[in-house]
Amino acid sequence: MCYHNLARLCLGTALTLFAGSPLQATCPTLDLKTLPTAACATENNPFKASTLMKKSTFAQVTFISKSTCPSQIGLRKLLQGVFKGAKEYKGEVRSITPGAFTCTYELNDQWKNALNTKDKELHLDGTLPTTQHVNYLNVPLVGFTCPVLDSTMIDTIKRKQKMELSSTKQTNFTYTLQPRELSIDSKLTHVLGSGSNNSSLPKLTSGNAKITKDYEITCRYEHKTGGEKQELILVGSSKGTH
């Protein structure tokens, strides 16, 4: 069952993200123009795979090369394109370290009473299993923004049930969230009981989601430059972009 007022926010078990689903983590596909840039990418001049995100101020995965930058690779790949036509290089995922983020909500007295807690904040913790999850974080037109909470979510929060929020652009691309445990105020529980009416609660909004653990991915490519087969290792990370 989905809550339409929470942008298709659904309860249930988190999706399996690495079993042939559209959410499977992949390496960026390079071509004759982007390969030279990626092959020579450094921390001071990283490679950004997504053209959508190149000018973005939001978090995103950037790549640096762990291989030697081949001499004159830009010119050589340009000539290769002229004489042999277009070519694509698909990377092989070598390792992934999933990231994590949180949405933080300030609790007023009404919400504290409804949740039977004295805590000042509510946290919804989420996972970042793929590059796309990082790139679309806090990008409302295509991806994810922290949901607006209302009284219908009280039981979900109390029970720490997982939530799935669909991307704005792709309904089968989801972010999984889970409420962090709140302290229980036994005095409020005794006074209010479990049948309190929370219908008059104001809605809760959060600022931007904050990355709490960086996502990392290592990709391997093979290409020929100057007639010699070469290996390219790219390491992507969300570090430094949030």
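Five aromatic residues, Phe101, Tyr136, Phe144, Phe173 and Tyr175, come together in one aromatic cluster of this predicted model. Across the whole structure, the search returns 6 aromatic pairs, where rings of Phe, Tyr and Trp (its six-membered ring) pair if their centres lie within 6.5 Å, and planes under 30 degrees apart count as stacked, over 60 as edge-to-face and the rest as tilted. Phe101 and Tyr175 make an edge-to-face pair, with 6.2 Å from centre to centre and 80 degrees between the planes. Because Phe101 belongs to strand β7 (residues 99-106) and Tyr175 to strand β10 (residues 174-179), this pair ties together parts that are 74 residues apart in sequence. Helices (H or I, at least four residues) and strands (E, at least two) are DSSP runs, numbered from the N terminus.

The model is predicted, so local features need pLDDT of at least 70 and side-chain atom pairs count only at pLDDT 80 or more, while totals for chains, interfaces and linings use all residues. Residues are numbered from 1 along each chain as its sequence is written, and side-chain values use heavy atoms, with hydrogens and water left out.

Strand β10 also holds Pro179, which is buried at 2% relative accessibility. Leaving aside residues up to four places away in sequence, Pro179 touches His123, Leu124, Thr156, Ile157, Lys160, Gln161 and Met163, a contact being heavy atoms within 4.5 Å. Between Pro179 and Cys103 there are 76 residues of sequence separation, yet their C-alpha atoms are 9.4 Å apart. For the protein chain, 73% of the contacts with a separation of 6 or more involve residues 24 or more positions apart. The chain has 6 helices and 13 strands, and 44% of its 242 residues are buried.

A ring of another kind of interest is that of Tyr89, since the charged end of Lys87 sits over this ring, 5.4 Å from its centre; the criterion is NZ of Lys or CZ of Arg within 6 Å of the ring centre and within 35 degrees of the ring normal.

Most residues other than glycine have a negative phi. Asn116, however, has a positive phi near 55 degrees and is placed in the loop between α3 (109-115) and β8 (121-128). Asn138 has a positive phi of about 65 degrees and is placed in the loop between α4 (131-135) and α5 (154-158). The relative accessibility of Asn116 is 9%, which counts as buried, and Asn138 is buried at 9% as well.

Finally, the second largest pocket holds about 200 Å³ of space. A pocket is an open set of points on a 1 Å grid over the protein atoms alone, where a 1.4 Å probe fits, with protein on both sides within 12 Å along at least five of seven lines; lining residues have an atom within 4 Å of a point. Grid points are joined across faces, edges and corners, and the volume is the space filled by probe spheres set on the points. The lining includes Glu43, Pro46, Thr62, Ile64 and Lys239. Strands β4 (62-65) and β13 (228-237) each supply at least two lining residues, and β13 gives the most, with 3.

Conventions:
Buried means under 20% relative accessible area, exposed over 50%, partly exposed in between (1.4 Å probe, protein chains only).
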